[in-house]
Amino acid sequence: MARMKFLCDADRCIECNACVTACKNENEVPWGINRRRVVTINDGKPGERSISMACMHCTDAPCAAVCPVDCFYTTVDKVVLHSKDLCIGCGYCFYACPFGAPQYPKVGNFGSRGKMDKCTFCAGGPEADLSPAEFQKYGSNRLAEGKLPLCAEMCSTKALLAGDGDIIAKIYKERVVKRGYGSGAWGWKTAYKETIAI
Amino acid sequence: MRLSQSIRSLFGVFGFVLALGLVAPASAQAPVNPTASSVREEQLLNALKPGSAAEIGGRISIPDQKASTLIRPAGREWREFHQGTMHLVGAVAVLGMLALLVIFYATRGRIAISTGRSNQTITRFGAFDRFVHWTTAGCFIVLALTGLNITFGKALLIPIFGEATFAAMTQLGKYAHNYLAFPFMIGLALMFLIWVKDNIPSKLDIDWFMQGGGLIGKGHPKAKRFNAGQKMVFWSVILGGAALSLSGWYLLFPYTAGGVLNLQFWNIVHGVVGMVLIGAMLAHAYIGSIGMEGAFDAMGSGEVDLNWAKEHHALWVEDEMKKGVMPAAARLQAAE
């Protein structure tokens, strides 16, 4: 089975934010929540880089470890998903996540958190594949249709890669060798405790 | 003269620019490395000092400015605390205190009224005192149980109830925890107001500690309305409760805390203080009920046995008598 990962080639990302928009549209993400975002580091300075970031579907995911109701599960493709039926909106996964992926719609009293929402690698949730209930809670299930996440699929510069970790690492390595430079696989060390050796 | 000079220097400049232009395409063929000067993740991660504002962030063009943090490794320390230290603190505070109480009960037994019950009672806590106490105590019990549930429920209760039932229970627990926080805080404030005047530490407290508080040994150190042990309970409730209220407030209104790193900090404060206070309250509940004959009446009916009062709060009884408070005849009590 594949081990699904994201990789953002920061030397190609042009901060067009199309991945952000595509994700919101494909998954009908609630208002105020962005499952994917583009952060520009050292903005306006020489050598600035933009990185598209979402849930990285970590190995030994911190969110799953701290969840008090054990609502997370890892699919056979190593995609980290969660059940909104079990989630109680406590916020612990948000405290633990190194990528700021979990977000909560503001519902009810106080600043009370609703059910957590995050990137699903376009793999839906625990409901039956491609069912209306699944779409309503988690958005699209492109993996079940044999497709990869839309953010990466429609990236105009192919900066954002999604797919099996070994394959996307190979693509990235080839790029780096051919063009002679690369600023590395952002987030990999934190998410997968490994990086791509060039 | 001048004109020809300037013309010559002008040609010189042209010549230089021309020469550059000829050289330039040649240099363009050499490989350019844009990342040589670019920002790199490794250098940013290395620059993060543990404990400080441990985040890599930048600029973001979506309206949610909180999303401008790219990587925040500090969550790992919080995870380690939450999955390790927090469980240890909780287990030691709760199980350790229960073990101590069992040992204490086995060795010391129930502390009896040594002169036996008299036929007279004296008012120790009025209706309002008891109302405030039980409001706060009732809230605290629910807050403590739901808090323990969120820490230990995953390991202890999911195997029993299954995931769906446990999640539904915990969801209700979260609401109970959020809502009962408010009567708890009000009760805390009222307790402080009605009892603080009798809980100022004094010289008598040193004597009380010197004599082991009557817990160790047989003596009954003299005490006013509250002895040093009760003062310790009072101040741990007030100070611990204040810490729980403040940290809980930030957790309840996350947007007032100023970032997730602060939320992690307040969560740690809330968890540790909560567990320690649960341990302290177990001891308080023990000595106020099965641990001591006659003690529960103080918060039960509010009328305590006169002999009990004289043994434990001799100076308070004297003061009450001076004020003209007369003991009342005891109501018929069930034999124990």
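Colleague: What covers the buried residues of helix 6 of chain B?

Modeller: This is a predicted model, in which local features need pLDDT of at least 70 and side-chain atom pairs count only at pLDDT 80 or more, while totals for chains, interfaces and linings use all residues. Residues are numbered from 1 along each chain as its sequence is written, and chains are lettered from A and ligands numbered from 1 in the order in which they are written. The cover of those residues includes helix 4 (127-156), helix 5 (158-161) and helix 8 (228-252) of chain B, where helices (H or I, at least four residues) and strands (E, at least two) are DSSP runs numbered from the N terminus.

Colleague: Which residues of helix 6 of chain B are buried?

Modeller: Among them are B:F166, B:H177, B:F184 and B:W195; a residue is buried if 20 or more other C-beta atoms, placed from the backbone, lie within 10 Å of its own. In chain B, buried residues make up 27% of the 336 residues.

Colleague: And where does helix 6 of chain B bend?

Modeller: The bend, of about 30°, is at B:A181, and the proline B:P183 follows within four residues; the angle is taken between axes fitted to the seven residues ending there and the seven starting there.

Colleague: What should the 33 residues of helix 6 of chain B span?

Modeller: At 1.5 Å a residue they should span 48 Å, and the end C-alpha atoms are 44 Å apart, which agrees; the expected span is 1.5 Å times one less than the number of residues.

Colleague: Switching to the interface, how many residues of chain A are in contact with chain B?

Modeller: On the chain A side 45 residues are in contact with 51 residues of chain B, contact being C-beta atoms, placed from the backbone, within 7 Å. The largest share of the chain A side, four residues, comes from strand 2 of chain A.

Colleague: Which strand of chain B does strand 2 of chain A pair with?

Modeller: Strand 2 of chain A pairs with strand 2 (residues 59-60) of chain B, in the antiparallel sense and over two bridges; pairing needs at least two bridges found by DSSP. The bridge partner of A:V39 is B:I60, and that of A:T40 is B:R59.

Colleague: In what order do the strands of that open sheet run?

Modeller: The three strands run 3(A)-2(A)-2(B), with antiparallel pairing, and the edge strands, each pairing on one side only, are strand 3 of chain A and strand 2 of chain B.

Key:
Contact = placed C-beta atoms within 7 Å. Buried ≥ 20, exposed ≤ 12 C-beta atoms within 10 Å, placed from the backbone.
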